[in-house]
Amino acid sequence: MANQVLLYDTTLRDGAQREGIALSLEDKLKIAHQLDELGIPFIEGGWPGANPKDVQFFWKLQEDPLTQAEIVAFCSTRRPYIPSDRDQMLQMILAAGTRWVTIFGKSWDLHVTEGLKTTLEENIAMIKDTIEYLRSQGRKIIYDAEHWFDGYTRNPDYALQTLKTAKNAGAAWLVLCDTNGGTLPQEVSQIIKKVAQELDIDPDGDTFPKLGIHTHNDSGTAVANGLAGVVEGVRMIHGTINGYGERCGNANLCTLIPNLQFKMGYSCLTDTQLTQLSQTSRLISEIANLAPDDHAPFVGRSAFAHKGGVHVSAVQKNPLTYEHIQPEKVGNKRRIVISDQSGLSNVLSKAKAFGIKLKKEDIACRDILEQIKRLEHEGYQFEAAESSFELLMRQVLGQRKTMFLLKGFQVHCEMLQGKETPYSNALATVKVTVNGEDRLEVAEGNGPVAALDSALRKALGNFYPKIAKFYLTDYKVRILDGESGTSSKTRVLVESSNGKERWTTVGVSPNILEASYEAVTEGIEYGLLL
């Protein structure tokens with residue numbers, strides 16, 4: 001195991017405790033198979049018996065097993081004064097049919113006396129009995145020492161006694177948990193060093209148990225604490241994809257893995273598996289119905305985005321000037337951002353990405369740059385709407401084909417009183433010209449933008465059948481000059497998709513419907529170019 005750190009993912013249990021996440025059974029199965037494909041060795045599936053969904057999850061995985069990962073059931077030690085073989089909770093763990101079980105027990109005497117309302121001696125017995133019983137049933141044990149760092153700081157003798165009990169009972173891994181997330185990296189290092197000495201742990205030898213670490217991010221140091229633990233001999237690291245978790249979240253595996261592998265020289269995943277990291281991050285964001293963090297290290301959309309002209313010019317000459325790793329190693333890509341701070345290097349780079357031939361000495365470069373600055377002064381934002389920027393660039397170069405021409409539109413909205421709550425209904429009328437032919441169409445929607453979108457699709461569908469596959473995936477409105485009240489100028493960003501690709505367009509106007517229409521129509525126009 002020399003130079004190897006085993007990854008333990010708890011997205012399906014600890015990560016799912018994040019406020020705002022509600023994973024269905026199908027969601028959990030999709031995530032488990034994606035993590036398996038990524039190459040995560042241990043995947044914690046949940047607590048069998050805590051709810052019917054987790055019971056079904058383990059049953060389903062027996063029907064459709066993972067290819068390489070160990071699926072792990074999670075549970076607490078037996079209850080006070082109840083023999084392990086009579087504790088129904090542990091019977092549910094055995095019924096889950098996993099080879100590995102993670103058992104958490106109390107390390108902090110405060111939790112024993114105040115939380116469990118039992119004696120310190122009984123807590124020791126609970127740890128010992130539970131591990132020995134599950135091992136007698138053929139299970140391998142990962143022992144989670146809950147509240148370890150807080151417990152050790154306040155009563156080191158008792159905390160060490162709980163850990164030694166787990167070791168002597170036969171646990172293969174002793175995982176030190178910073179459950180409250182309040183420990184700092186230097187404290188983690190000092191404590192783990194003492195634990196390794198006290199328990200005679202050989203981090204890279206053939207003997208077990210070995211140490212693991214499970215950190216929370218309440219102090220913003222979950223990743224740093226995990227890395228500090230590895231330096232001191234930890235060889236299993238717990239975390240979640242995107243750092244999901246209760247309160248402030250858990251250690252983010254999407255940050256931990258590249259740091260361990262690229263910066264510290266530990267083996268976690270193969271090079272091929274690492275190229276799936278960004279995709280995995282975004283896929284699980286979609287399944288969890290949470291917007292991806294564009295600024296997340298390594299996997300965020302902006303992690304390798306360059307906006308300043310000096311930066312762009314340097315990166316094009318040598319990416320090492322402003323990039324600490326190659327983005328492709330984690331499945332990400334370099335992006336050149338267009339804004340009013342852009343220089344010619346940005347414009348030329350984007351033109352190349354769009355497949356447009358453009359040279360620095362071309363007059364069009366200056367014209368495009370001037371257009372960007374003028375429009376962004378009016379409120380447009382092209383760094384978040386690159387599809388609109390491509391259309392602008394093609395327009396300046398005379399390469400933008402007129403696919404349809406708007407003659408006018410009207411929208412009528414009314415509030416209808418339903419049986420329970422009032423709801424909005426909208427009716428939109430659009431008149432467009434396509435290839436010299438006028439079309440007038442009417443459509444309803446649950447709001448003005450939906451109605452406009454539907455009416456426009458009806459008007460254009462016969463001319464451009466591929467529109468039937470387009471749909472709106474996101475809609476954002478930003479007030480640009482709030483001091484003007486309801487007369488404020490608004491910026492609308494619309495994200496569209498054809499089921500395979502996504503693109504974003506922008507519209508700006510004091511009239512929110514006009515801004516929305518501009519963004520929606522450009523979204524349709526851009527989709528037709530793909």
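Trainee: What makes the crossing of H1 and H2 right-handed?

Mentor: The crossing of H1 and H2 is right-handed. Note that this is a predicted model, in which local features need pLDDT of at least 70, side-chain atom pairs count only at pLDDT 80 or more, and totals for chains, interfaces and linings use all residues. Residues are numbered from 1 along each chain as its sequence is written, and side-chain values use heavy atoms, with hydrogens and water left out.

Trainee: Why is H1 called oblique to H2?

Mentor: The axes of H1 (residues 25–38) and H2 (residues 52–63) come within 10 Å and cross at roughly 45°. That value makes H1 oblique to H2, because angles under 35 degrees count as roughly parallel, over 145 as roughly antiparallel, 65 to 115 as roughly perpendicular and the rest as oblique. The axes are lines fitted to C-alpha atoms, for helices over the stretch in contact, and angles run from 0 to 180 degrees between N-to-C directions. Helices (H or I, at least four residues) and strands (E, at least two) are DSSP runs, numbered from the N terminus.

Trainee: Which residues of H1 and H2 meet?

Mentor: Contact means heavy atoms within 4.5 Å. By that test Leu25, Lys28, Leu29, Ala32 and His33 in H1 meet Lys53, Asp54, Gln56, Phe57, Lys60 and Leu61 in H2. These residues divide into five nonpolar, two polar and four charged. The classes are: Ala, Val, Leu, Ile, Met, Phe, Trp, Tyr, Cys and Pro nonpolar, Asp, Glu, Lys and Arg charged, and the others, Gly among them, polar.

Trainee: How do you know that H17 and H18 are oblique to each other?

Mentor: By their angle: the axes of H17 (residues 448–460) and H18 come within 10 Å and cross at roughly 40°, and H17 and H18 are therefore oblique to each other. H17 passes H18 in a right-handed crossing. In this contact Pro448, Val449, Leu452, Asp453, Leu456 and Leu460 of H17 meet Leu513, Ser516, Tyr517, Val520, Thr521 and Ile524 of H18. They divide into nine nonpolar, two polar and one charged.

Trainee: What else does H18 lie across?

Mentor: H18 (residues 512–529) lies across E14, E15 and E16, at about 150° to E16. Those three strands form an open, antiparallel sheet in the order E14-E15-E16.

Trainee: What makes E14 and E16 edge strands?

Mentor: E14 (471–479) and E16 (502–509) each pair on one side only. Two strands pair if DSSP finds at least two bridges between them. Eight bridges join E15 (residues 490–497) to E16, with leucine 493 opposite valine 506. Neighbouring strands of this sheet are turned by 20° against each other on average, direction ignored.

Trainee: What closes into a barrel?

Mentor: Eight strands do, in the order E1-E2-E3-E4-E5-E6-E7-E8, with parallel pairing. The twist averages 25° from one strand to the next. E1 pairs with E8 (residues 236–239) over four bridges, and with E2 (residues 42–46) over two bridges. Aspartate 9 stands opposite glycine 239 in E8 and opposite isoleucine 43 in E2. Five bridges join E3 (residues 70–76) to E4 (residues 100–106), and serine 76 stands opposite phenylalanine 104 in E4. H3 (residues 88–95) lies across E3 and E4, running at about 175° to E3.

Trainee: How do you know that both faces of E1 are covered?

Mentor: Buried means under 20% relative accessible area, with exposed over 50% and partly exposed in between (1.4 Å probe, protein chains only). In E1 (residues 6–9), Leu6 and Tyr8 on one side and Leu7 and Asp9 on the other are all buried. In a regular strand the side chains alternate between the two faces of the sheet.

Trainee: Why are H10 and H14 called mostly covered?

Mentor: In H10 (residues 253–263), nine of its 11 residues are buried, including Leu253, Cys254 and Thr255. The buried residues of H10 pack against E1, H9 (222–231), E8, H11 (271–274) and H12 (277–287). In H14 (residues 344–353), seven of its 10 residues are buried, among them Val347 and Lys350. H14 is followed by glycine 355, whose phi is positive, near 75°.

Technical notes. Left-handed = near helix turned anticlockwise from the far one by under 90°.
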